[in-house]
Structures are given as structure tokens and as C-alpha cells.
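Dear colleague,

I am passing on to you the structure shown below, and after it you will find a description of what turned up when I went through it. Please read the two side by side.

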Amino acid sequence: MFKIHDIAEGVQKGQLRALAKAITLIESRNVDHSLAATALLDELLPRSGNSIRIGISGVPGVGKSTFIEALGLHLTGLGHRVAVLAVDPSSQLTGGSILGDKTRMELLSRDPNAFIRPSPSGSTLGGVARKTRETMLLCEAGGYDVVIVETVGVGQSEITVASMVDFFMLLQLPGAGDELQGIKKGVMEIADAILINKAEGDNRPRAELARQQYVNALHLIKPKSANWQVPALLCSALHGQGIDGAWQAVLAFRTAMMASGEFEKKRRLQAADWMWTLVMDDLKELFLRDRNVEALLGPVQEAVDAGLTTPSAAARRLLNAFKRGM
Ligand code: GDP
């Protein structure tokens, strides 16, 4: 029915139509499609992994798409093939998107060595993330050696994207107390580099000041690796300044992490985490759809709300009901 092998071969040959078809299967909610997608991924998995995976985040308006376009064009100019994917958490709430609505990265989207895919839609962040992870593997099998995953600087999506990439880059604006917000949210702990964008003209002194504040703040955070000091860099995506500096930071990071063995180790841990996330998500779904649980859920929840039973006793009742149904 689906010529999985033909699609897999097309993907490996770098055929865009095959890649698009493969991604459609991955994004589909249809059960047959998802079985086909699993078979496809099994076939292509040995061909995946040969890229540097870069996560990029920042608040709306910080300049993510301008930066990714500049970086992407810089990289295709150096002979790389670049895939740009997105994890848009807004799709789960509104069906709309923060990242995808405007015409973005027009020049890059016309570059034959770049592939841009908007965020998949989904009912949960986990679902969106799963599709993006799998699309990333397809892109790698298709010969894209740099994969950029973009997300917005709100909520859990940054943590999710950081858990699927090798290098996580945080874009910030000069001044405006952003540095402190970053520290509060704990996002600085997951960053491998901080980039202060729009650091040109009148903004330059403020950007330099912000950079210094980040450098100071970074010294207070326990480093994720003894082999990497998180840099705070300046750039102006609009004027193409600091783009190569950001890329050099990615390369230096990769070299250091490969030398210490941390590169492979992180990928292995990410794969194991991912497996457990999928198991837990499916278990939760099974639990919530279980008939015994469904029947009890309302009354038990009400009893907890009313203080008539303890949460732990309530959890035990629900779990026992679930086990009975197995
Ligand atoms: P995103 O929402 O994070 O993707 O941000 P965009 O890339 O859409 O940029 C938001 C606005 O900031 C646009 O008007 C850009 O032209 C502008 N912008 C992006 N980078 C720079 C920069 O380096 N300097 C200045 N002055 N403006 C920039």
C-alpha cells in the first residue's frame, strides 16, 4: 500500500518529494500511516545522526527567523545542507501558531540546500516534539548535515527542544532586564551559548553591558560540562554581524564534546529519555482511557476536591481499578 522502501530510497537520494511524503506520514494521525512511518524510520535510522543539531529559542520579536535565515545562508554558502524545523507550543492551545504565521525566511526557503518545515500541529507539546524529532531523523537520512530546531521562549517548549539537540542557543535582546528573567526561568542552565541580538548602532553599548551581566551570571551557574564555558556573544542578525561567531561557537562546542565523549553520551541519554517519554505518554493515555478508571475518575476527583479522601488514597484506588482492567 505504501511503498516504504521507495520512499526511504528517495529520502536518501535527497529527493524533496520523498522527504515531504515521509514527513506527512510521520505527522499523520491515521493508524496505517503511523505504522508505515514506524517502518520507514526503522529503515532510515541507520542513515540518521550525521548532523549537528542546534536548538534556537528566544521571545517573539528577538529576531529568531532573521538570525536563522542569516545563519542558514551562511552555512549553505559554506557547502552545508541545512534543515530548519520548529516546535511551536501555541498550536496545542489555539491551533494557531506563534512561529509560522508570517512569511519567514524567504531567501533561505528559496535556497536549494535548505529545507524549512513549519511546526507540526498536535494536541500536546509531547506530540509536537515527537513528530519534530522523527522529522529530524528523516532530514539527516536525507543528507542535511545541520538541523536547526526553533522554538519560542515560553514555558516548557525550550526544555523539550533542548532535550533533542546537541547545542542549545538562546537569543536575547540587549538590556530591558531580560538577563534576570533568563536566570529566573532557569533557561540559562540549559543554554550552551547566549546570543544578544540587535547589538548594532545605538544598541551596542547596552548590548555590551547585557553581555557582561550574562558573563557574570553564567559564572554563578554550575557548568553542565567541565569542558565547556557557555559564551555570551553579540550579533546583529539583520546586518549579518556575529553570525560566523555563533557558528564557530557551535563548532568549538562539538569539537570539545567529541573529544571528551560527551557528545555521544548526551545523544544516548536523549534517546533513552525519549523512549521513556513515549512509554509514559502511552501509559497515561491507556490509563485515562481505561473503562474502570473512567468510571471512577469523576467521583474520586470530587472526593479529593472536597477533602474527603487523601490524594494518595485516591491515587491508589485509581491505580487498583486500572490494574483490575488489565
Ligand atoms: P522572531 O519573532 O524572533 O522570529 O523575530 P524576527 O526575526 O521576526 O524579527 C523581529 C523584528 O526584529 C523584525 O522586524 C526584524 O527585522 C528585526 N530584527 C531582527 N534582527 C535584528 C537585528 O539584528 N537588528 C535590528 N535592529 N532588528 C532586527
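Trp276 is found in helix H12, and in this model, which is a predicted one, the residue is partly exposed, because its relative accessible area of 48% falls between the limits of 20% for buried and 50% for exposed. On the surface, Trp276 belongs to a nonpolar patch together with Met275, Val279, Met280, Leu283 and Leu286, and the accessible area of these residues together is about 580 Å².

Helix H12, which runs over residues 262-289, also has a part in the pockets. The largest pocket holds about 1,700 Å³ of space, and among the 48 residues that line it, Gly126, Arg130, Glu134, Trp274 and Leu278 are the closest to its centre. At least two lining residues come from each of helix H2 (16-27), helix H3 (31-44), helix H7 (125-141) and helix H12, with H12 giving the largest share, 16 residues. Sorted by class, this lining is made up of 17 charged, 16 polar and 15 nonpolar residues.

The second largest pocket has a volume of about 510 Å³, and of its 27 lining residues, those closest to the centre are Asp192, Lys224, Ser225, Glu262 and Lys266. Here helix H10 (204-220), helix H11 (243-260) and H12 each contribute at least two residues, and H12 again gives the most, with 8 residues. The lining of the second largest pocket consists of 12 nonpolar, 10 charged and 5 polar residues.

In the salt bridge between Arg110 and Glu106, the N to O distance is 3.5 Å; Arg110 is exposed, with a relative accessible area of 58%, and Glu106 is partly exposed, with 44%.

With best regards

Technical notes: Residues are numbered from 1 along each chain as its sequence is written. This is a predicted model: local features need pLDDT of at least 70, side-chain atom pairs count only at pLDDT 80 or more; totals for chains, interfaces and linings use all residues. Side-chain values use heavy atoms; hydrogens and water are left out. On a 1 Å grid over the protein atoms alone, a cavity is a set of points where a 1.4 Å probe fits but cannot get out, and a pocket is an open set with protein on both sides within 12 Å along at least five of seven lines; lining residues have an atom within 4 Å of a point. Grid points are joined across faces, edges and corners, and a volume is the space filled by probe spheres set on the points. Helices (H or I, at least four residues) and strands (E, at least two) are DSSP runs, numbered from the N terminus. Ala, Val, Leu, Ile, Met, Phe, Trp, Tyr, Cys and Pro count as nonpolar, Asp, Glu, Lys and Arg as charged, and the others, Gly among them, as polar. Patches are made of residues with over 30% relative accessible area and no salt bridge: like charges are joined within 9 Å, nonpolar side chains (Val, Leu, Ile, Met, Phe, Trp, Tyr) within 5 Å. Accessible areas come from the Shrake-Rupley method with a 1.4 Å probe; for residues, only the protein chains shown count as cover. A salt bridge is a side-chain nitrogen of Lys or Arg within 4 Å of a carboxyl oxygen of Asp or Glu. Buried means under 20% relative accessible area, exposed over 50%, partly exposed in between (1.4 Å probe, protein chains only).
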